[in-house]
Amino acid sequence: MRSKRNKFWSHDNRFRLMLTLGLAVLLPAAALIYINFEHLESIKRDKKVEALIHRDFQYVLAVSEKKINQKAYAMAEEVREVFPSPDSDNEADKLKQLDLVLAKNPWLAHVFIFDHDKGMLFRSQPQQLNDAYFCKEHDIMAESYKGWFSMEGKMLVEGLHKKTRPISWYGGPTKRADGEAFMTTAFFVLPRVSKDRVVLAGASFDPDYIKKTFFPGMLDELITKKLTEDKDAAANSGMFDSGPAPLAMTVYPADPDGGHENKPLATTAGWGKGEPEVSRNLDDVFRGLALGIKFQGTSAEAIGRRWVMQSFLILGVLSLFMIGGLLLTYRSVSKEMALAHLKADFVSNVSHELRTPLALIRLYAETLELGRITTEEKKEEYYRIIRKESERLTALINNILDFSRIEAGRKEYDFRETDIADLVRNTLDAYRYQIEQQGFAFEQSIDPSIPRVRVDREAIARALVNLVNNALKYSANEKFLGVKLYRANDRLKLEVVDRGIGITRREQSKIFEKFYRTGDPLVHNTKGSGLGLSLVRHITQAHGGEVQVESTPGKGSKFTLSLPLASATQ
């Protein structure tokens, strides 16, 4: 009845433990995992990572266009400052000054001054005049600008004076001997010229310079700056080694319909082939061109997929850790509960074991004291029973005290050189009467040539007594006890063999744990503390040895203490 009640108590507490873990930990953890899973699914479904990358690219392109325009404006303003005054009546001097502007700024293709009252002065780089495309361009621009300024010059001048920077731009495709090119021209009013006068000047950026120097230099500068910013941001966040993939940029002729032509005007290193991830049509200075950006060797879509996959993987690992933690918590708490249950049984069993010998000692002592025993033979029997029960009580108390010291970390051993054969023989002689009284066949084999070893005599004797007591307790049918002491190479072996109930393989690794008792009915019906084998293992390990068990259920067990002989006196 008590066993069923304890079993019910155990199952009831396990159910309460599972319910508590489920409500307090498992359900919130599962809800958190589900919410994160759904969030990642929405990121994957809506391609939010790609959208975030594209927004960042749009910002990079907007900043890049601003810096490109600032560079072009700064160059145009430098040229504007050195232009000749239109007030000089000597046309030859003004032409020489325009030629000097071209000579000092070889990145210019054409320069000109238009004065509504004096006409157009148009000069081009002399070393390029042998290029047929350049000559044709010179003629067309000189004629078309003269006609355009003659008709709309006044309106253009008024518009330029209203601007913060009195510069306007006109760009478009052109041709050179090596193929299609792009040229942009800055129009500006000259400083120190009255706003009422229709005077316009201008300078055209050389297409080769734009293609081979201006854009490659600007794009490399922009990419380097962006890379430095990304590295600084990654370093500040503690993830310097896992920064973003390097970027590549390109400039290409924009399609009026919003697309772009296949041949780029300029690219940074690592561009390779393929379309830009994000593009932006340039305005103002380089209207007609577009700026594109992408990752080197990958794409925003691939990065988004990888990020989502890594996030799912991390979520999965965290979920496994969480589940593992819950299982470990449950196992740990269950183990503590089982240990508490074992301790309760231990107190009950020890109380019973203490009560039995005390009751017998008291009974026989009172009988002797009252003088009811008249024969000397009967008195000797009663004295022998009192002594035996006292020894049993002493052994039990010693086990409990040793266990208490071990648990508190205060157990100390007194190692002395000992004749181990003599120690084992004397210990067995003290128990021989009890062995024979219980009807056991006893075999003893002790090698007398074993050298002296350094051991704690009392501890080794207690370990042997515990093994012998177990053999006596748990041998129901065939009553046999064998003890063997021998030497095997550099080890000392002490074997205790019985033909009792045996131990299952599953329980053989647990029997040395404190308070543990096997599930055999004979074990539960036999009172015991569950400390004996735990003490045997601790004593053996304290001597630098080990204890092993070989057992077959129903056929008996063999316990072997193996101690080192390194300290033996040869």
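Student: Which hand does the crossing of H9 and H12 have?
Tutor: In this predicted model, the crossing of H9 and H12 is left-handed.

Student: And at what angle do helix H9 and helix H12 pack, with their axes how far apart?
Tutor: Helix H9, covering residues 457–473, packs against helix H12, residues 532–542, at an angle of about 145°, and the axes of the two helices are 9 Å apart.

Student: Which residues in H9 and H12 meet there?
Tutor: From H9 the residues are Ala459, Ile460, Ala463, Asn466, Leu467 and Asn470, and they meet Gly532, Leu533, Leu535, Val536 and Ile539 in H12. By class, that contact has eight nonpolar and three polar residues, with no charged ones.

Student: Switching topic, which residues touch the most other members in the largest nonpolar core?
Tutor: That core has 54 residues, and the ones touching the most other members are Phe83, Leu108, Trp169, Phe214, Phe215 and Phe286. Helix H2, residues 48–81, gives the most to this core, contributing eleven residues. Another core, of 41 residues, lies apart from it and includes Val424, Phe440, Leu467 and Val468.

Student: What about Lys294, is it buried or exposed?
Tutor: Lys294, which lies in strand E9 (residues 289–295), is buried, because its relative accessible area is 7%, and the cut-off for buried is under 20%.

Student: Which residues does Lys294 touch?
Tutor: Leaving out residues up to four places away in sequence, Lys294 touches Phe57, Leu247, Ala248, Trp271, Lys273, Gly274, Glu275, Pro276 and Glu277. With Trp271, a polar atom of the Lys294 side chain lies 2.9 Å from the backbone oxygen, while the C-alpha atoms of these two residues, 23 residues apart along the chain, are separated by 7.9 Å.

Conventions. Residues numbered from 1 in each chain as written. Predicted model: local features only at pLDDT ≥ 70, side-chain atom pairs only at ≥ 80, totals over all residues. Heavy atoms only, no water. Axes fitted to C-alpha atoms, helices over the stretch in contact; angles between N-to-C directions. Helix = DSSP H or I, 4+ residues; strand = E, 2+ residues; numbered from the N terminus. Left-handed = near helix turned anticlockwise from the far one by under 90°. Contact = heavy atoms within 4.5 Å. Nonpolar A, V, L, I, M, F, W, Y, C, P; charged D, E, K, R; others polar. Core = buried A, V, L, I, M, F, W, Y, C linked by side-chain atoms within 4.5 Å. Buried < 20%, exposed > 50% of the residue type's maximum accessible area, 1.4 Å probe, protein only. Polar contact = N/O pair within 3.5 Å; in protein donor to acceptor, adjacent residues only side chain to side chain.
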